Amino acid sequence: MKNIHDIRKLLMKFGTLIYTKDRLGDLELMMMEINELYEWKLINGQQFQQAVLLLKKEMREYEKGNGVNE
């Protein structure tokens, strides 16, 4: 996985489509879904780690760019 689009494609394989017009909310929902998929052993550890790292990076960039938590 290289970007958020790859995470969206992975989630869509399991029937999950996330789009709420709230970027941070979307990222948080994706994180919750990735956690559940890993707990249910539907994705492997490498997929889980890559997705979590990408999501956390995107969340940081979004918060930094939008002045959240300042």
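This is a predicted model: local features need pLDDT of at least 70, side-chain atom pairs count only at pLDDT 80 or more; totals for chains, interfaces and linings use all residues.
I began at Leu-11, which touches Thr-16, Ile-18, Met-30, Glu-33, Ile-34 and Leu-37 when residues up to four places away in sequence are not counted. I take contact to mean heavy atoms within 4.5 Å. Residues are numbered from 1 along each chain as its sequence is written, and side-chain values use heavy atoms, with hydrogens and water left out.

I placed Leu-11 in helix α1. With a relative accessible area of 2%, Leu-11 is buried; the term means under 20% relative accessible area, exposed means over 50%, and partly exposed lies in between (1.4 Å probe, protein chains only). I also looked up Asn-66, 55 residues away from Leu-11 along the chain, and found their C-alpha atoms separated by 26 Å.

Thr-16 is found in the loop between α1 and α2. Because its relative accessible area is 17%, Thr-16 counts as buried. Beyond its neighbours within four places in sequence, Thr-16 is in contact with Leu-11 and Glu-33.

**Entry: the whole chain**

Of the 70 residues, 31% count as buried. The C-alpha atoms fill a box of roughly 35 × 20 × 20 Å along the principal axes. Among contacts between residues at least 6 apart in sequence, 49% join residues at least 24 apart.

**Entry: the core**

Which residues of the largest nonpolar core touch the most other members? Of its 18 residues, they are Ile-7, Leu-11, Met-30, Ile-34 and Leu-55. Such a core is a set of buried Ala, Val, Leu, Ile, Met, Phe, Trp, Tyr and Cys residues joined through side-chain atoms within 4.5 Å. Helices α1 (4-13), α2 and α3 (45-65) each supply at least two residues of this core. Leaving aside neighbours within four places in sequence, I found Leu-55 in contact with Ile-4, Ile-7, Leu-27, Met-30, Met-31 and Ile-34.

**Entry: helix α3**

I counted Phe-48, Ala-51, Val-52, Leu-54, Leu-55 and Met-59 as the buried residues of α3. Their cover includes α1 and α2. Helix α3 has 21 residues and reaches 30 Å from its first C-alpha to its last, close to the 30 Å expected at 1.5 Å a residue; the expected span is 1.5 Å times one less than the number of residues. At the start of α3, a side-chain oxygen of Asn-44 reaches to within 3.1 Å of the backbone nitrogen of Gln-46.

**Entry: Arg-23**

Is Arg-23 buried or partly exposed? At 30% relative accessibility, Arg-23 counts as partly exposed. Arg-23 lies in helix α2 (residues 23-39). Residues up to four places away in sequence aside, Arg-23 touches Ile-4, Arg-8, Glu-58 and Tyr-62. I found a polar contact between the side chains of Arg-23 and Glu-58 (2.9 Å); the term means a pair of N or O atoms within 3.5 Å, where within protein one must be able to donate a hydrogen and the other to accept it, and residues adjacent in sequence count only if both atoms are side-chain atoms. The C-alpha atoms of Arg-23 and Glu-61, 38 residues apart along the chain, are separated by 11 Å.

Key:
Helices (H or I, at least four residues) and strands (E, at least two) are DSSP runs, numbered from the N terminus.
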